[in-house]
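Here is a short tour of the model you have open.

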Amino acid sequence: MLEDRDFDYAYVFDRTHILASASDPGIHVPTHASLPDLSSLRPGHSVVRVANKYMEVIRPIMQGGQPVAGLGL
């Protein structure tokens, strides 16, 4: 997935912490940015934010119609 030159890192998070992450060599997932509130994420909609000079796109991971985690790219 990270072979695409437009993506430097990806991470999956829940309400409390990052569950998994992957990045290109030498790139670290920004830790200073707070995790988005899962209740603010909606199916079919992305949240775009800037963190540590990177533009992030955040999407919800839904289960039973409720956001249970998020994916950040």
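## A hairpin to start with

Arginine 49 has glutamate 56 of strand 4 as its bridge partner. Strand 3 (residues 47-51) and strand 4 (residues 54-63) run antiparallel and are joined by five bridges. Two residues lie between these strands in the hairpin, where asparagine 52 takes a positive phi near 55°. Strands here are DSSP runs of E with at least two residues, helices are runs of H or I with at least four residues, and both are numbered from the N terminus. Two strands count as paired if DSSP finds at least two bridges between them.

Before going further, a note on the source: this is a predicted model, in which local features need pLDDT of at least 70 and side-chain atom pairs count only at pLDDT 80 or more, while totals for chains, interfaces and linings use all residues. Residues are numbered from 1 along each chain as its sequence is written, and side-chain values use heavy atoms, with hydrogens and water left out.

## The next hairpin and the whole sheet

Strand 4 also pairs with strand 5 (residues 66-72), again in the antiparallel sense, over six bridges. Glutamine 63 stands opposite glutamine 66 of strand 5. This hairpin has two residues between its strands, and glycine 64 takes a positive phi near 60° there.

The five strands form an open sheet with antiparallel pairing, in the order 2-1-5-4-3. Strand 2 (18-23) and strand 3 are at the edges with a single partner strand each, so one side of each has no neighbour in the sheet. On average, neighbouring strands are turned by 25° against each other, direction ignored; the axes behind this angle are lines fitted to C-alpha atoms, for helices over the stretch in contact, and angles run from 0 to 180 degrees between N-to-C directions.

## The nonpolar core

Which residues make up the largest nonpolar core? It has seven: Tyr9, Tyr11, Phe13, Ile27, Leu38, Leu41 and Ile58. Strand 1 (residues 9-13) gives the largest share, three residues. A nonpolar core is a set of buried Ala, Val, Leu, Ile, Met, Phe, Trp, Tyr and Cys residues joined through side-chain atoms within 4.5 Å. Buried means under 20% relative accessible area, exposed over 50%, and partly exposed in between (1.4 Å probe, protein chains only).

## Three rings in one cluster

Tyr9, Tyr11 and Phe13 form one aromatic cluster. Rings of Phe, Tyr and Trp (its six-membered ring) pair if their centres lie within 6.5 Å; planes under 30 degrees apart are stacked, over 60 edge-to-face and the rest tilted. There are two aromatic pairs by this rule. Tyrosine 9 and tyrosine 11 are stacked, because their ring centres are 6.1 Å apart and their planes are at 25°. Tyrosine 11 and phenylalanine 13 make a tilted pair, 5.8 Å centre to centre with 40° between the planes.

How accessible are these residues? Tyrosine 9 is buried at 3% relative accessibility, tyrosine 11 is buried at 2%, and phenylalanine 13 is buried at 0%.

## The chain as a whole

Of the chain's 73 residues, 29% count as buried. The chain exposes about 4900 Å², with 53% of this supplied by carbon and sulfur atoms (Shrake-Rupley method, 1.4 Å probe; for residues, only the protein chains shown count as cover).
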